[in-house]
Amino acid sequence: MFDHLKNDIAVALEKDPAAKSKLEVLLTYSGVKALAYYRVAHALHKRKFRLLARIVSQSAKRKTGIEIHPGAKIGDRVFIDHGAGVVIGETTEIGDNVTIYQGVTLGGTGKDVGKRHPTIGSNVMISAGAKVLGPVVIGDYVKVGAGSVVLKDVPPHSTIVGVPGRIVRQYGEKVNDLDQKLPDPILEEFARLNNRIIALEEKLGVHACKYSISNEIIENISNNNSKKD
Ligand SMILES: CC(C)(COP(=O)(O)OP(=O)(O)OC[C@H]1O[C@@H](n2cnc3c(N)ncnc32)[C@H](O)[C@@H]1OP(=O)(O)O)[C@@H](O)C(=O)NCCC(=O)NCCS
């Protein structure tokens, strides 16, 4: 138990540039305190002292503003920064070297039974106010942006932001999600008409029309339409 505490203090000193000494972290870091309480509560929970475990975890919540269910499984080198308003549900699993900021919820959607909370990989950062809901799997090295709501699995090495969460980076590269392009039926119709005019003009050997839709757009739409046909 003391080894864990020593480790948690070392991790806080390493990850938070504002942390100046071991004593300061021990006395003032609510995330470190909450994890210390959690380890006691989790040990009681595993030995089936469920009520006692809940009493310990609720006492930690009153003192730190961080609520970790005793049944949650939390790895090593986890750091909860600032901490206020963090909620970690009963069937949550968290890997190693994970940073969690204030206001994060690792919770359920209310629709699942049994395993109903997220599984978080290792080396993950979950930014301030992010909500990860349901039995989703967050891969290793994922960054969840501040204020995001994540409802689906996230592959490793991704950055996910927004509500609902969408992947904006993978392996450091920006992601252009083509599915987010909406169809434009009017533009498509104009492109079809332009195509017919071009064909007629070619037959007549004239070029009288100035196209308002660029040839590139016409080509893209024609290609898409021929794929659909
Ligand atoms: C997600 C985050 C970690 C950045 O990750 P990253 O992989 O470096 O991603 P980028 O900064 O390159 O951003 C990628 C895109 O997502 C957008 N984005 C980043 N964070 C976002 C957020 N929280 N919400 C919405 N969009 C966001 C960026 O504007 C960018 O959009 P663009 O491609 O149109 O320019 C960071 O933006 C973040 O949310 N940090 C919060 C950390 C925190 O909680 N601090 C609290 C300390 S008290």
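**Ligand shell**

I began with the ligand and found 14 residues around it, the closest being Ala128, Ala146, Thr159, Arg169 and Lys174; a residue counts as near if one of its heavy atoms lies within 4 Å. The model is predicted, so I recorded the limits: local features need pLDDT of at least 70, side-chain atom pairs count only at pLDDT 80 or more, and totals for chains, interfaces and linings use all residues. Residues are numbered from 1 along each chain as its sequence is written, and side-chain values use heavy atoms, with hydrogens and water left out.

An oxygen atom of the ligand lies 2.8 Å from a side-chain N or O atom of arginine 169. For lysine 174, a side-chain N or O atom is 2.9 Å from a ligand oxygen. Alanine 146 takes part through a backbone N or O atom, 2.9 Å from an oxygen atom of the ligand. The ligand taken alone exposes 920 Å², of which the protein buries 53%; the areas come from the Shrake-Rupley method with a 1.4 Å probe.

I noted that strand 14 (158-161) and strand 15 (166-170) each give at least two residues to the shell. Strands are DSSP runs of E of at least two residues, and helices are runs of H or I of at least four, both numbered from the N terminus. By class, the shell holds 6 nonpolar, 5 polar and 3 charged residues. Here Ala, Val, Leu, Ile, Met, Phe, Trp, Tyr, Cys and Pro count as nonpolar, Asp, Glu, Lys and Arg as charged, and the others, Gly among them, as polar.

**Second largest pocket**

I next examined the second largest pocket, with a volume of about 160 Å³. A pocket is an open set of points on a 1 Å grid over the protein atoms alone, with protein on both sides within 12 Å along at least five of seven lines; a cavity is a set where a 1.4 Å probe fits but cannot get out, and lining residues have an atom within 4 Å of a point. Grid points are joined across faces, edges and corners, and a volume is the space filled by probe spheres set on them. The lining of this pocket includes Val149, Val150, Asp153, Pro164 and Ile167. Strand 13 (149-150) and strand 15 are the elements that give two or more residues to it.

Proline 164 sits in the loop between strand 14 and strand 15.

I traced an open sheet of 5 strands in the order 1-4-7-10-13, with parallel pairing. Strand 1 (67-68) and strand 13 are at the edges with a single partner strand each, so one side of each lacks a neighbour in the sheet. Pairing requires at least two DSSP bridges; strand 1 and strand 4 (residues 87-88) pair over 2 bridges. Glutamate 67 has valine 87 in strand 4 as its bridge partner.

In the loop between strand 3 (79-80) and strand 4 I located histidine 82. Histidine 82 has a positive phi of about 65 degrees although it is not a glycine.

**Cavity**

I found 1 cavity of 30 Å³ or more. The volume of the largest cavity is about 40 Å³. Helix 3 (30-46) and helix 4 (50-64) each supply at least two lining residues, and helix 3 gives the largest share, 4 residues. I counted the lining as 8 nonpolar, 1 polar and no charged residues.

Key. A polar contact is a pair of N or O atoms within 3.5 Å; within protein, one must be able to donate a hydrogen and the other to accept it, and residues adjacent in sequence count only if both atoms are side-chain atoms.
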